[in-house]
Amino acid sequence: MVASENIGRLAHLPASHGSDIRGASLWEAAHDVPSYPRLDGMIETDVLVIGAGFTGLSAALKLRHEGVSVSIVEAGQPGAGASGRNSGLVIPMLSRSDPDDIVQRYGASGERFVALLRDCADDLFATATALRLGKQAEQNGWLQPAHTPGRMALIAQRAAQWSKWGAAVEVVDRLEARDMLGSEMWFGGLLCRSGGAVNPLALVQAMAEEVRRIGGNIYAQTPALSFTRRANAWQVATPLGEVRARSLIIATNAYTAAASKALLPGVAREIVPVTSWLAATDPLPEAIRCSVLPTRLAMSDTRGDLHFARYDVNDRLISGGRSSIRSTVQPGFESWFNSGSRGFGRKFAASASGSSGMDGSE
Ligand SMILES: Cc1cc2nc3c(=O)[nH]c(=O)nc-3n(C[C@H](O)[C@H](O)[C@H](O)COP(=O)(O)OP(=O)(O)OC[C@H]3O[C@@H](n4cnc5c(N)ncnc54)[C@H](O)[C@@H]3O)c2cc1C
């Protein structure tokens, strides 16, 4: 058994925990943030989008391509919310519901949603290519390995359903999964070649730049404080200005309460904070990088609180979790990642040295 430190030293621990939900993320460490003006004064626009994450920016891009005048107000900078601070796994399916359940529950709109999910990874990578993201977006596939032998039944059922709906998915056995993961700790899995990983902050910033390039306006550090409907127009108040818009798109996600409870008090009341964190190793030496996720695919397994891993452009191995690690950020993370019989880093440690001395008892 080799020491799990072989996987790499942890370089970036989450600065975002406790009440400060907007601390720096590991993506921000690698990126300069372009600056956008604050809104100061009164403007008019056809459509006002509140929130510059993937939802707001996608809507703005689509509208601009149709010639509609669009402005966005964002409480922080574009990507300040989940879009710029997530794991960047590109997974063209849901973690729980499979196509048959979705269609059974939602009928025709469920069918449209399944088609959207099936194609979303290809769509995302096409967008990334158009925005010249280069190696910040890697379509090397996504693997969902089964963490118990029993979970292979779920994998088989999921693969059958998605194949029926036209998705290119494959079931891989334990040996194939081992070769893809560089670990013997899983029991086979579902491979989806259209999946992969992206630097989410690079993508969201490129989308924001594209909105600006094609004539949209983005105002940063400009929270929408309230909105009212008067004389066939929406009037939205911000700290230093006001927007009049024919239509309004609210894309504030879980940050609705953080930026302005007054904006949508009903929604703000329904938001329950759940702590989630990401961390990265230092860039891995080539010998280790080639033995852990050797083909650079992205993976997330079948656990409820799933184990996941991916590389970034600098060969940092990135993972994270959902549990609260508030006051014990570093020790908590390191013991989870690198040590103990349930340690995630340890799952890869043996293959990183060419040994196979791990058991698959978990
Ligand atoms: C830790 C984590 C990991 C994740 N990992 C993945 C993953 O690997 N793959 C995946 O596909 N998805 C992942 N997700 C989910 C994904 O990040 C979100 O679904 C997606 O980013 C939501 O985008 P959005 O634009 O709707 O919201 P957000 O990106 O959160 O944007 C909302 C924006 O609204 C702004 N805002 C809020 N209130 C106001 C206001 N009053 N005025 C102006 N602006 C306001 C916020 O500042 C924020 O920028 C993850 C999420 C988290 C939290």
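In strand S9, valine 198 is the bridge partner of alanine 137. The model is predicted.

- Strand S9 covers residues 196-198, and two bridges join S5 to it.
- S5 and S9 run antiparallel.
- The sheet is open and has three strands, in the order S4-S9-S5. Its pairing is antiparallel.
- Strand S4 (89-90) and strand S5 (137-138) are the edge strands, since each pairs on one side only.
- Helix H2, residues 99-130, packs on this sheet. H2 touches S4, S5 and S9.
- The direction of H2 makes about 40° with that of S9.
- Strands of a sheet pair through backbone hydrogen bonds, in either a parallel or an antiparallel sense.

- Strand S17 spans residues 317-321 and is mostly covered. Five of its five residues are buried.
- In a regular strand, side chains alternate between the two faces of the sheet.
- Both faces of S17 are covered. Leu317, Ser319 and Gly321 are buried on one side. Ile318 and Gly320 are buried on the other.
- Strand S14, residues 277-281, is joined to S17 by four bridges, and the two run antiparallel. Here leucine 278 stands opposite glycine 320 of S17.
- Strand S16, residues 308-311, also pairs with S17 in the antiparallel sense, over two bridges. In this pair, arginine 310 stands opposite isoleucine 318 of S17.
- S16 and S17 form a hairpin, with five residues between them.
- Aspartate 315 lies in the turn of that hairpin and has a positive phi of about 65°.

**The shell around the ligand**

- There are 30 residues around the ligand. Gly51, Gly53, Gly81, Asn86 and Ala259 come nearest.
- By class, the shell divides into 14 nonpolar residues, 15 polar residues and one charged residue.
- Helix H1 (54-65) and helix H6 (256-259) each supply at least two residues of the shell.
- Which helix gives the most to the shell around the ligand? H1 does, with three residues.

Conventions. Residues numbered from 1 in each chain as written. Predicted model: local features only at pLDDT ≥ 70, side-chain atom pairs only at ≥ 80, totals over all residues. Near = placed C-beta within 6 Å. Nonpolar A, V, L, I, M, F, W, Y, C, P; charged D, E, K, R; others polar. Pairing = 2+ DSSP bridges. Contact = placed C-beta atoms within 7 Å. Axes fitted to C-alpha atoms, helices over the stretch in contact; angles between N-to-C directions. Buried ≥ 20, exposed ≤ 12 C-beta atoms within 10 Å, placed from the backbone.
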